[in-house]
Amino acid sequence: MKQEIGNSFTTKLEGMFKDVNMSEDLTAGYRTHIQNLGDMDTKHIELGATILTTNYWPMESMGGNPMSDEGARISCNWPPEIQKLQDSFRAYYLKDRNGRMLTWIPHLGNADIRCTFPKVASEESGAKSRERKYELNVSTYAMLVLLLFNDLEDGEWLAFDEIRERLNIPEKELSRTLMSISGPPKSRVLLKKPGKVNEAPKSGDSFSFNAGFISKTVKIKAQAIGGISNRVEGDDERKETEERNDEHRGNVMDTVIVRIMKARKEFSHQQLVAEVISQLSQRFQPNINMMKRRIESLIEREYLERIDEAAVPTYRYLA
């Protein structure tokens, strides 16, 4: 790919692969670090971190960080046990990396939670007559919501607005999160009132721990309901995406034109257009009008010049 479009256009992709590999090594190193500390806490939280370098990853396509109406980044409220884990990892990460900054992005994460559902006193037989343990795979937001119910007495309810206030999760994200763990029967670990279970949670709703939850499988995945990662682009976002694609394709076209002219030294317009189309057709269909604009731009930047005395429009490469 470097040979096709140049090193400058593969930097971000290489950076992404580097981030993934480094994150795996970093996570393994951090776990070894914790083990060496002799932490025997049976409630120890195991962390798997993926470090994304801001300049490499398309944060706008991945949802970025939720923003307030004033344009400021929204940061959710983390419980003390998670803050302790974050502080521990941050100290480990920054120990050999001066000048770096870590920003936690909860809507891109997920968590595996071991949940214990107690025996239902009124049941003398069947699954509800004994304690049940399940492992839930949920979004990070859902993990934060479920942790709130650890401190509640049986039968207590938490209001939608109270959950939002305590966690500082954007309302739309909170609605999707609560829907994933109170709607589908396979992951309905919370009960909702009032309204139907298939209605999106909203202000005025309340939630309680579903002590009678039963699952045929030990491992349960709570599917995200219409989250940021799978939403459809709007017209403005689609236009921005197209503009970014055009900019990228224009840069690729510049690279190909310069490489061809450097090899040919002099080339007619028609031959150059045909050669560019031939080289780029496997990647995308070059736009002729865009190609003309890129050639003009290269002439203005003194990569090429026109040969006025030529019988047909011809260009010369300028070293």
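In which sense do β7 and β9 pair, and over how many bridges? I looked this up in the model, which is a predicted one. Strand β7, residues 266–268, pairs with strand β9, residues 314–317, in the antiparallel sense, and 3 bridges hold the pairing. I noted Glu266 opposite Arg316 in β9.

I then followed β9 to strand β8, residues 304–306. The two strands run antiparallel and are joined by 3 bridges. Here Glu305 stands opposite Arg316 of β9.

I found an open sheet of 3 strands with mixed pairing, in the order β1-β2-β6. β1 (110–117) and β6 (219–221) are its edge strands; each has a single partner strand, so one side of each has no neighbour in the sheet. Within it, β1 and strand β2 (residues 132–139) run antiparallel and are joined by 8 bridges. I picked out Ala111, which stands opposite Val138 in β2.

I looked for what covers these strands. Helix α4 lies across β1 and β2 and runs at about 135 degrees to β2.

Next entry: the sheet with β5. This is an open sheet of 3 strands too, in the order β3-β5-β4, and its pairing is antiparallel. The edges are β3 (158–159) and β4 (190–193); with a single partner strand each, they have one side left without a neighbour in the sheet. I counted 2 bridges between β3 and strand β5 (residues 206–209), paired in the antiparallel sense. Leu158 has Phe207 in β5 as its bridge partner. Helix α6 lies across β4 and β5, at about 115 degrees to β4.

Last entry: the two helices. How do the axes of α4 and α6 cross? I have α4 as residues 140–148 and α6 as residues 171–182; their axes come within 9 Å and cross at roughly 75 degrees. The range for roughly perpendicular is 65 to 115 degrees, and α4 and α6 are therefore roughly perpendicular to each other.

I listed the residues that meet. From α4 they are Tyr141, Ala142, Val145 and Leu146, and from α6 they are Glu173, Leu174, Thr177, Leu178 and Ile181. The residues of this contact divide into 7 nonpolar, 1 polar and 1 charged.

Notes:
Residues are numbered from 1 along each chain as its sequence is written. This is a predicted model: local features need pLDDT of at least 70, side-chain atom pairs count only at pLDDT 80 or more; totals for chains, interfaces and linings use all residues. Side-chain values use heavy atoms; hydrogens and water are left out. Axes are lines fitted to C-alpha atoms, for helices over the stretch in contact, and angles run from 0 to 180 degrees between N-to-C directions. Helices (H or I, at least four residues) and strands (E, at least two) are DSSP runs, numbered from the N terminus. Angles under 35 degrees count as roughly parallel, over 145 as roughly antiparallel, 65 to 115 as roughly perpendicular and the rest as oblique. Contact means heavy atoms within 4.5 Å. Ala, Val, Leu, Ile, Met, Phe, Trp, Tyr, Cys and Pro count as nonpolar, Asp, Glu, Lys and Arg as charged, and the others, Gly among them, as polar. Two strands pair if DSSP finds at least two bridges between them.
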